[in-house]
Amino acid sequence: MQINTLILGAGAAGMMCARYAGGSTLVIDHAKAPGEKIRISGGGRCNFTNMYAEAKNYLSANPHFCKSALARYTQWDFIELVSRHGIAWHEKTLGQLFCDGSAKQIIAMLTQEMAQAGADLWLQTAVESAEQTAEGFRVQLLREGQPQTVTCRNLVLATGGKSIPKMGATGLAYDLARQFGLEVTDTRPALVPFTFPDGRFQPLAGTALPARLSNHRTAFDEALLFTHRGLSGPSVLQLSSYWREGEEITVNLIPETPLFDLLREQRQAEGRRDLTTELSRHLPGKLVEFLTPQLGLKGRLADQSDAALTALRDALQNWRLLPAGTEGYRTAEVTLGGICTDGLSSKTMKAKNAPGLYAIGEAVDVTGWLGGYNFQWAWSSGFAAGTAIAAKG
């Protein structure tokens, strides 16, 4: 079978690329359905982009690489596409946009756009091998157990990273990139919960509160969730992308609470009230109980000096913790690192030393924050590659 373009991966980036790549395009995926990561994202409602997406929200060895693609196909372009398909959406927080209905609406939109563009889709199809030829590429596939040989002028790596292996995630894109002479940077789980030894926070499992998590690189103000294994929630997932093994993190449990002033006022008005009772008005009761032996919380408000209240405030603002690690690729939302951007054109996503080879989406060393940023990179990089392929004719 001879075609113009073969796209490996029917995820967000791959389907977006197929929409713009022109005729004679085939998209393959080993899964039974396209867009599996889209389907489970955002609690089933797909956080499909972010109103504030820009280059500063992405991590990469080259922080400037993503600028061109993001500028060529913006969040507003994708919002227009979603609205044109009659998909109702809403902003949740911090510019995060979700479907009012189901993430399946986004998948249906993309498959419809692909079909209208003339692209074919093969599911339950695996890559057995790939080689470069004088005319392009020869790829050996196994489609529903039957061998198929496809030759193509353009080959697009859109199989994503290693995150969530139970959904079939593999390092295929990295293996093929190396085979064709592209460098791959070190990869690690990103947007992933922290773990702690010995069930340290098990008594607090399910407890959540606003917090500021930080290290020497950055800080995030969002929700913190205690789990049986450790810490999760948006603030944790965000910071995990900037964390390395063996590093401490700092947790501010009262980022917006003027606790010292509030406790001083209550000391005057309700001096007989227990300190822990008053603290439970500002923090979850389970958390106050958990911290009581560590911070030596005891006595009435009237017993607390200004120095003691200052020390308590400082302790709650600077709770230093040393994670044992993370939950790994098993629950990581994305993969940090990947195909090195030095070997790709930022305008077209085309490999500089392998004619006809493109890499897009999560497979590339561009990783976004939590909140729709990674989907926007998929749309933007897929568009960049697709339009470049179409322009070649």
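Trainee: What makes the meeting of Trp89 and Ser83 a polar contact?
Mentor: Their side chains come to 3.2 Å. A polar contact is a pair of N or O atoms within 3.5 Å, one able to donate a hydrogen and the other to accept it; residues adjacent in sequence count only if both atoms are side-chain atoms. The 3.2 Å value is within 3.5 Å, so the pair counts.

Trainee: What should I know about the model itself?
Mentor: It is predicted: local features need pLDDT of at least 70, side-chain atom pairs count only at pLDDT 80 or more, and totals for chains, interfaces and linings use all residues. Residues are numbered from 1 along each chain as its sequence is written, and side-chain values use heavy atoms, with hydrogens and water left out.

Trainee: Why is Trp89 called partly exposed?
Mentor: Its relative accessibility is 31%. Buried means under 20% relative accessible area, exposed means over 50%, and partly exposed is in between (1.4 Å probe, protein chains only). Trp89, at 31%, therefore falls in between.

Trainee: Where does Trp89 sit, and what does Trp89 touch?
Mentor: Trp89 is in strand 5, residues 89–91. Strands (E, at least two residues) and helices (H or I, at least four) are DSSP runs, numbered from the N terminus. Beyond four places in sequence, Trp89 is in contact (heavy atoms within 4.5 Å) with Phe48, Ile79, Val82, Ser83, Leu97, Phe98, Cys99 and Asp100.

Trainee: Why is Met349 called buried?
Mentor: Its relative accessibility is 0%. That is under 20%, so Met349 counts as buried. Met349 lies in the loop between strand 19 (334–336) and strand 20 (357–359). Trp377 is one of its contacts.

Trainee: What makes the phi of Met349 worth a look?
Mentor: Phi is positive, about 65°, although Met349 is not a glycine. Most residues other than glycine have a negative phi.

Trainee: How do you know that Ile164 is buried, and what is its phi?
Mentor: Ile164 has 12% relative accessibility, so it passes the under 20% test. Its phi is positive too, near 60°. Ile164 is in the loop between strand 10 (146–157) and helix 6 (172–179).

Trainee: What makes helix 1 mostly covered?
Mentor: Seven of the nine residues in helix 1 (residues 12–20) are buried. They are Ala12, Ala13, Gly14, Met15, Met16, Cys17 and Ala18. Gly22 follows the helix, with a positive phi near 90°.

Trainee: What makes a set of residues a nonpolar core?
Mentor: Its members are buried Ala, Val, Leu, Ile, Met, Phe, Trp, Tyr and Cys residues, joined through side-chain atoms within 4.5 Å. The largest core here has 81 residues. Leu6, Ile38, Phe78, Ile106, Trp377 and Trp379 touch the most other members. Helix 12 (residues 373–392) gives the largest share, ten residues. Another core lies apart, with 43 residues, among them Leu59 and Phe196.

Trainee: How do you know that helix 8 and helix 11 meet?
Mentor: Residues of both helices are in contact: Leu259, Phe260, Leu263, Arg264 and Arg267 in helix 8 meet Asp306, Leu309, Thr310, Leu312, Arg313 and Leu316 in helix 11. By class, six are nonpolar, one is polar and four are charged.

Trainee: How many helices and strands are there, and how much is buried?
Mentor: The protein has twelve helices and 21 strands. Of its 393 residues, 52% count as buried.

Key: Nonpolar A, V, L, I, M, F, W, Y, C, P; charged D, E, K, R; others polar.
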